[in-house]
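Hi,

Here's the structure I promised to pass on.

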Amino acid sequence: MHTHHEHHHPEHHHGDDLAELLDLDAEVLGDFHAGIVAWVGEHAGDPKRIVDLGAGTGAGTVRLLTRFPAATAVAVDGSPQMLHRLAGHAARLGLADRVRTVVADLDDGWPAEVGPAELVWATNSMHHMADPVAVLRAAGEALTGGGVFALFELDTFPSFLPEDQGVGRPGLERRLAAIMTRHRATDMPHLGGDWPATLAAAGLEVRAERRFTAELTAPPAAAGRYAHASFTRTRQGLAGDLDADDLAALDALLDERHPASVLHRTDLVVRAERLGWIAGRPS
Ligand SMILES: C[S@@+](CC[C@H](N)C(=O)[O-])C[C@H]1O[C@@H](n2cnc3c(N)ncnc32)[C@H](O)[C@@H]1O
């Protein structure tokens, strides 16, 4: 983990934390993601050209390429670092020749290099867009006849701890979630938004909708590092809103020398959810 050494690494920045979090999410919640991709497969037929919008480190891209062996994918992201990591994952999995990366800020318009697609996929990226309707409309135009847009967004962030986390006052994670919900109303107004309405405003018709939930009571070993990466980001975002007790408790959870540290505990339960919609151009 970088946390205790952060000041020794001036090149370290928060984007690396997000990249690490995304990779750990993909590792710990592998079966969960596989179920989501299987559902998309029921609606997408056998796409040959896939576009992943806001692809991050490629959790979705590589799963889609594995599920659809005849497909190639274009991974679009505003961050070259994310796409660099994505290319590394793809290469290790022998998928390099089936992925093209495009660095583009989707708020600046639809990138010309993307081309048409039978499947456009966007997971937890549309809420980052300044104008999601504009991006969804452009994506809809890139869809071939019969093509589908698979949109996934989260309503709540993953959680890990029991109600009494054993350090500080019980209920820490609930209080963190409540503060986050308050923040996002101003910082990220589209997160938790009305996505069916947004899809409709972009001229897309919703064909299927599903809520996916995971509750891993015996999570894989990487769950501790996943929780650590998640709480590290929470601390970066919310430190100023926490009282001294809660901040001390959060620091204990992040301190690998502390007995309550998420890196040691055996009582972590990983809970996650995603809301998914399959949409297409009206026939
Ligand atoms: C929360 S991550 C999700 C990554 C990936 N889809 C996943 O589920 O693991 C959001 C991603 O969207 C990208 N992103 C945010 N705003 C963007 C924009 N305006 N244009 C392109 N990419 C953007 C970020 O760089 C980041 O990689």
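Buried residues make up 49% of the 283 in the chain, where buried means under 20% relative accessible area, exposed over 50% and partly exposed anything in between (1.4 Å probe, protein chains only). Keep in mind that this is a predicted model, where local features need pLDDT of at least 70 and side-chain atom pairs count only at pLDDT 80 or more, while totals for chains, interfaces and linings use all residues. Residues are numbered from 1 along each chain as its sequence is written, and side-chain values use heavy atoms, with hydrogens and water left out.

On the overall shape: a compact globule of 283 residues would have a radius of gyration near 19 Å, and the chain agrees, with 19 Å. That radius is taken over C-alpha atoms, and the globule rule is 2.2 Å times the number of residues to the power 0.38. Along its principal axes, the C-alpha trace spans about 55 × 40 × 35 Å. You'll find nine helices and seven strands; these are DSSP runs (helices H or I, at least four residues; strands E, at least two), numbered from the N terminus.

Now the charges. Side chains of opposite charge can pair when their charged atoms come close. The structure holds 15 salt bridges, each one a side-chain nitrogen of Lys or Arg within 4 Å of a carboxyl oxygen of Asp or Glu. Take arginine 211 and glutamate 273, whose closest N and O atoms are 2.3 Å apart. Arginine 211 sits in strand E6 (residues 205–216) and glutamate 273 in strand E7 (residues 270–280), so their bridge ties together parts that are 62 residues apart in sequence. Arginine 211 is partly exposed at 49% relative accessibility, whereas glutamate 273 is buried at 9%.

Another salt bridge joins arginine 235 and aspartate 251 (2.5 Å, N to O). Here the partners lie in helix H8 (residues 223–238) and helix H9 (residues 244–254), so the pair links parts 16 residues apart in sequence.

Arginine 257 also pairs with aspartate 255, with 3.1 Å between the closest N and O atoms. Arginine 257 is exposed at 69%, but aspartate 255 is buried at 18%.

Valine 28 is buried, with a relative accessible area of 5%.

Cheers
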